[in-house]
Amino acid sequence: MGVGRFVYTPVLPLMHSQAGLSAAGGADLATANYAGYFAGALAGILAPALVRSRAVLRGSLAVLVASLAAMPAVHGVAAWGGLRLVAGAASALVFVIAASSLLGAADGRSARLSGWAFGGVGAGIAASGLLVLAVRPIGDWRLAWWAAAVLAALPAVAAWNLRTAVAAPSGAAAVRRGGGFAALFAAYTLEGLGYIVAGTFLVAAIDQGSPGPAGGGAWVLVGLAAAPSAALWARLAGRRPRAALLRTAYAVQAVGIALPALLGGVPAALVSALLFGATFMGISTLALAAGTRLGAPRAVPLLTAGHSAGQVLGPLVVAPLLHHGYQQALLPAAGVVAAGALAVLALPAEG
């Protein structure tokens, strides 16, 4: 999923310079992917059997890889958008099935390892960033997409036999609080809206201010920071209330998103990448675990749907600002994430 969803971010500058993709077209492709992600998450809510199906998991993995390989075979925003729509739906089903399996595991060892499993998204981001950096001197945007398909196929094979399960409240540990879940849903939706602007346009924004390898290098740093972050946040959750950790993560992420727009330059870009990478998967880990603990039925697909709805809105909200450069879109995104931190204030302390 980390490759399938997020390789678009480092490939985007190549498509601008080599495939004739405009800034507005880039936002449209991002929106198509996030609309597909929303549709996939919604399917997990309306048809819970999908979340338990190994056949759906395998089909989604295959479709995700195929959608990457097909990008160079078509041309134009409409065709690319259709493929990114399909990739988004497949990504959502992969994430919901995997997250539900992790959070629904009965044994303590699986629960302890869930943070590292979430870190797979960060590993995919780092690998895709390194891949695009390697391709740039020897090939074009088409080779980048084909190479991404090969890269995504490797972990897809490894995930082929994942045991599916459904996340459920852990008996007496579950805390049923409708208001608490509503606050968490609002906070996680705002996170989706704010983080996705950086997740889509961070490399392009850095490239505008510091042409060269800085943007691609920053994206690799995002992935390297994200890979262990989910496990570290999950470990902290065993010692401190998740609500307090969520507020901290939201605040750190808001600062990280705003830095390139406020300061500019390579050092600010690298610090931004580190802070962003260290928090966005941690927030997902904490929020989904908190939702399961709060006892809401189908908490994982519900929260994922809210998060993905925010992602659909993100590029649309900042699209008018893209005429003045990608950096202008980062400040409102940081403000939205900060608003999410305020929504977390309504969570019960033990949530």
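## Ground rules

Residues are counted from 1 along each chain as its sequence is written. Because the model is predicted, local features need pLDDT of at least 70 and side-chain atom pairs count only at pLDDT 80 or more, while totals for chains, interfaces and linings use all residues; side-chain values use heavy atoms, with hydrogens and water left out.

## The core

Let's start inside. The largest nonpolar core has 102 residues. (Such a core is a set of buried Ala, Val, Leu, Ile, Met, Phe, Trp, Tyr and Cys residues joined through side-chain atoms within 4.5 Å; buried means under 20% relative accessible area, exposed over 50%, and partly exposed in between, with a 1.4 Å probe and protein chains only.) Helix 8 (residues 178–209) gives the most to this core, at 15 residues. Helices here are DSSP runs of H or I, at least four residues, numbered from the N terminus.

Met15, Trp145 and Tyr250 have the most contacts inside the core. Beyond its neighbours within four places in sequence, Met15 touches residues including Trp80, Trp141 and Trp145 (contact means heavy atoms within 4.5 Å).

## Ring pairs

The whole structure holds seven aromatic pairs: rings of Phe, Tyr and Trp (its six-membered ring) with centres within 6.5 Å, called stacked under 30 degrees between planes, edge-to-face over 60 and tilted for the rest.

## On the surface

Ile138 sits in the loop between helix 6 and helix 7. Is Ile138 buried or exposed? Its relative accessible area is 68%, so Ile138 counts as exposed.

Conventions. Helices (H or I, at least four residues) and strands (E, at least two) are DSSP runs, numbered from the N terminus.
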